[in-house]
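Here is a short briefing on a protein model. Look at the structure first, then read the points below.

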Amino acid sequence: MAKPRKKRRRAPQQARSKATVDAIVEATGQVLAREGAQATATGVAARAGVSVGSLYQYFPSKEALIATFLERRLEQDLAVAERLAVRARELRPPALLRAAVEEMVGMYREERELYASVAEALPLIEQTPELRRGLDRLVEIGAALLRAYPTWLRGRDPELVALVTFHALRGALFRIVATTPEKLDDPHLVELLVAGARGFLGVEAAEHEPGAER
């Protein structure tokens, strides 16, 4: 039976309360990056400069803390995806695919300790409706981009193609950052991931050469 979702006890209403919640969520990321799944609510409270009692006014458990932090991170991922969607008007499909992969790899490279900790903590976290909606939105953006290039779809469901491609790339990066983070710096990583995405899309290498038709 699914576990009940762990909600915040009290939503912040005043500016001071919102600032406290923001500080707690930011501290959650910092403590996660340092301690991984061993992070504690006490450690987060100390990092945020608040009492444990104040923390528990908004977050009843460590799992609720991490889930809220992941929701905030996903908002940043969505902002990146939406910027790429805007750039689709000026980039050819090959350049757009490469730009998307470079953005993903760049995020993992810049905050590898944090992403390694997130990968470790994910099994402990029940996926909240907010997280599911955010991931669904990322897939929707990918599907919308694919609809603009029907030769890439070849009659296939754009949501399914986007879902498989996105989660394959995300899964590969989570595995790398969790087990062999030094490989994030391999100069061939982006090319390998682009080739993998091209395989899922069923796009021939020639279609990725400069000058390929839009």
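Helix 4, helix 5 (93–110), helix 6 (112–121), helix 7 (129–147) and helix 9 (158–179) each supply at least two residues to the lining of the largest pocket. Helix 5 gives the largest share of that lining, nine residues. The model is predicted: local features need pLDDT of at least 70, side-chain atom pairs count only at pLDDT 80 or more, and totals for chains, interfaces and linings use all residues. Residues are numbered from 1 along each chain as its sequence is written, and side-chain values use heavy atoms, with hydrogens and water left out.

**Pocket**
- The largest pocket has a volume of about 930 Å³.
- Of the 40 residues that line the largest pocket, A81, M104, L138, V139 and F166 are the closest to its centre.
- A pocket is an open set of points on a 1 Å grid over the protein atoms alone, where a 1.4 Å probe fits, with protein on both sides within 12 Å along at least five of seven lines; lining residues have an atom within 4 Å of a point.
- Grid points are joined across faces, edges and corners, and the volume is the space filled by probe spheres set on the points.

**Fold**
- The protein has 10 helices and zero strands.
- Helices (H or I, at least four residues) and strands (E, at least two) are DSSP runs, numbered from the N terminus.

**Core**
- The largest nonpolar core has 64 residues. I24, L55, F59 and L173 have the most contacts inside it.
- Helix 4 (residues 62–87) gives the most to this core, with nine residues.
- Domain 1 (12–59) and domain 2 (62–201) both contribute residues, so the core lies between them.
- Such a core is a set of buried Ala, Val, Leu, Ile, Met, Phe, Trp, Tyr and Cys residues joined through side-chain atoms within 4.5 Å. Domain bounds come from an automatic or database domain assignment.

**A143**
- A143 sits in helix 7 and is buried, at a relative accessible area of 0%.
- Beyond its neighbours within four places in sequence, A143 is in contact (heavy atoms within 4.5 Å) with P158, E159 and A162.
- A143 and A162 are 19 residues apart in sequence and 5.3 Å apart in space, C-alpha to C-alpha.

**Confidence**
- The protein averages a pLDDT (the predictor's confidence in each residue, from 0 to 100) of 84.
- pLDDT stays under 50 over residues 1–6 and over residues 206–214.

Technical notes. Buried < 20%, exposed > 50% of the residue type's maximum accessible area, 1.4 Å probe, protein only.
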